[in-house]
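The stops below go from one selection to the next.

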Amino acid sequence: MVSIGLMFTVGAVSLNLPDGPGSLTRRLCAALREGIQTGRLAPDSALPPSRSLASEIGCSRWVVTEAYGQLVTEGYLIATTGSATRVRGTATGFPTGAAHQLAPPPRPRFDLTPGVPDLAAFPRSRWAEAYRQAVLDLPNDLLAGRALISTSAARTTLTDFLRRTRQVQEDPSQLSLTTGSTAGMGWLTALLAKLGHTRIAVEDPSWAGLRAVARRGGITPVPIPVDQHGLVVGRLSEHRDVRLALVTPAHQFPVGVALSAARRLELIDWARRVDGLIIEDDYDADFRYDARPVASLQGLAPDRVVLLGSLSKALSPAIELGWLIMPQPLIMALLGLDLDRIVSPSPITVEALAVMIERGWYERHLRAQRLRYRRRRELFVDALAQHLPQTQVTGLAAGLHLPLRLPPGTDAAELVRRGARRELGLVSAERYRIRPLDDPGLVLGFGNLRDSRIDEAVQRLAVATAESVRSPRRRPR
Ligand SMILES: Cc1ncc(COP(=O)(O)O)c(C=O)c1O
């Protein structure tokens, strides 16, 4: 019989402390070591203070300090006086990369992680057929390399599609193919840093992935708040040296609002005034359930907006395909970059997408997903109203996530930990903020949660929420 053991959490990752032979210290070491080897505990991620991990596991603090000490000796962890013990970074030579790819982490049974599409709905047979067709049709010359540009036919197909569905204004020559938005942001950052940019306005809160890419490329993120109309554009002028802004206009991540019409115009005005650029992260714009998807900002100001898109939400991040639409002058500058450093997608993948689009399969998939997600979101909202009436869903009926306000006094971090023990994959809004939040709620993903599991997931969430209410502080006498 497989022993389930005890679940515990390190950040947002839940690990299993197996029952069985060996001292608790040895078993804790093994659980953490395995988390690091499989890449689930990312390089540089901080481990919880020994006191809080000990209280979560229900052991003495000494067990945790011993385990941390052992893993420092083995080279898996780094301890620095006065700051958290961390997983050793890849830069220092720890070989996490290969292990990470070999052993993808199992998804939680009740997967409420934001941003994950319905993995069971991936159109396997259509994609396989499109891929087969692409392999048969691809000219020999294109087998020589990767596809920064790809065939003109495939580029025209994708360009026409984006014009139709996202109302972009572009010529196929403005389209570059990437392995995803994060990769696209990497090139763009290299290019913008070369052109002299050192700071970029980012939404606070926002997804940390793209911000981190900018920072690694030498461009410092400058947080700008978000309200119910999206980015508070008026605050940009407080930062005179900022001429770049990274935004999610169609569906702000994670707040879930759309950038209002007035703010869109104000933002474009700002970009023109400062001779700057807006980077539009169009990550889940295909999915709007109460209205038609909001058209891209790029279509309003193609000279000032770079659009970042990918198949990650619509199909799967595993396809590793995305695109960048850039104003012409940037394309010229891109060609001056060291192109060898750019990782482009496979031309076969690009051709396969073109086949999917030409045969109408991609749009059919999007339509089916829109219906599926809309229904799933409704079921989810209904279950929350029934089992957790003291919470409040905010944001638009769109995308793959919904922000949830928790009852006053709920400790969101504790809720994430308690949820992990109940096989819920939860993320606190805290993860996305730059400046502290007063009352972080949760950001709940519903994309990869089966309809049949919604009710049980929400019931488990209700129990974990009730357990995570902070005890009221005693008033000083
Ligand atoms: C808001 C947001 N933007 C961009 C991305 C990156 O997508 P990609 O997989 O194309 O790099 C994500 C991925 O989760 C996201 O949540």
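Buried here means under 20% relative accessible area, exposed means over 50%, and partly exposed lies in between, using a 1.4 Å probe and protein chains only. Helices (H or I, at least four residues) and strands (E, at least two) are DSSP runs, numbered from the N terminus. This is a predicted model, in which local features need pLDDT of at least 70, side-chain atom pairs count only at pLDDT 80 or more, and totals for chains, interfaces and linings use all residues. Residues are numbered from 1 along each chain as its sequence is written, and side-chain values use heavy atoms, with hydrogens and water left out.

**Stop one: the sheet**

Select the eight strands that form an open sheet, in the order E6-E13-E12-E11-E10-E7-E8-E9. Their pairing is mixed. Two strands count as paired if DSSP finds at least two bridges between them. Now go to the edges: E6 (175–178) and E9 (230–231) each have a single partner strand, so one side of each lacks a neighbour in the sheet.

Six of the six residues of E12 are buried, so the strand is largely enclosed by the rest of the structure.

Check both neighbours of E12. Ile278 stands opposite Val305. E13 pairs with E12 in the antiparallel sense, again over four bridges. Here Leu307 has Ile325 as its bridge partner.

H6 lies across E6 and E13 (322–325), at about 105° to E6. Axes are lines fitted to C-alpha atoms, for helices over the stretch in contact, and angles run from 0 to 180 degrees between N-to-C directions.

**Stop two: a helix pair**

Select H1 (residues 24–37) and H3 (residues 61–74). Their axes come within 9 Å and cross at roughly 50°. H1 and H3 are therefore oblique to each other; angles under 35 degrees count as roughly parallel, over 145 as roughly antiparallel, 65 to 115 as roughly perpendicular, and the rest as oblique. Show side chains for the contacts (heavy atoms within 4.5 Å). Among them, Leu24, Leu28 and Leu32 belong to the H1 side, and Trp62, Tyr68 and Leu71 to the H3 side.

**Stop three: helix H14**

Jump to residues 451–467, helix H14. Its 17 residues should span 24 Å at 1.5 Å a residue, and the end C-alpha atoms are 25 Å apart, which agrees. The expected span is 1.5 Å times one less than the number of residues. Buried residues of H14 include Ile454, Val458, Arg460 and Leu461. The elements packed against the buried residues include H12 (361–387), H13 (412–421) and E17 (442–445).

**Stop four: backbone details**

Centre on Pro205, in the loop between E7 and H8. The peptide bond from Asp204 to Pro205 is cis, with omega near 10°. Then take Pro254, between E10 and H9. The Phe253 to Pro254 bond is also cis, and omega is near 5°.

Glu320 has phi near 55°, in the loop between E12 and E13. Asp44 is partly exposed, with a relative accessible area of 47%. Glu320 is partly exposed, with a value of 47%.
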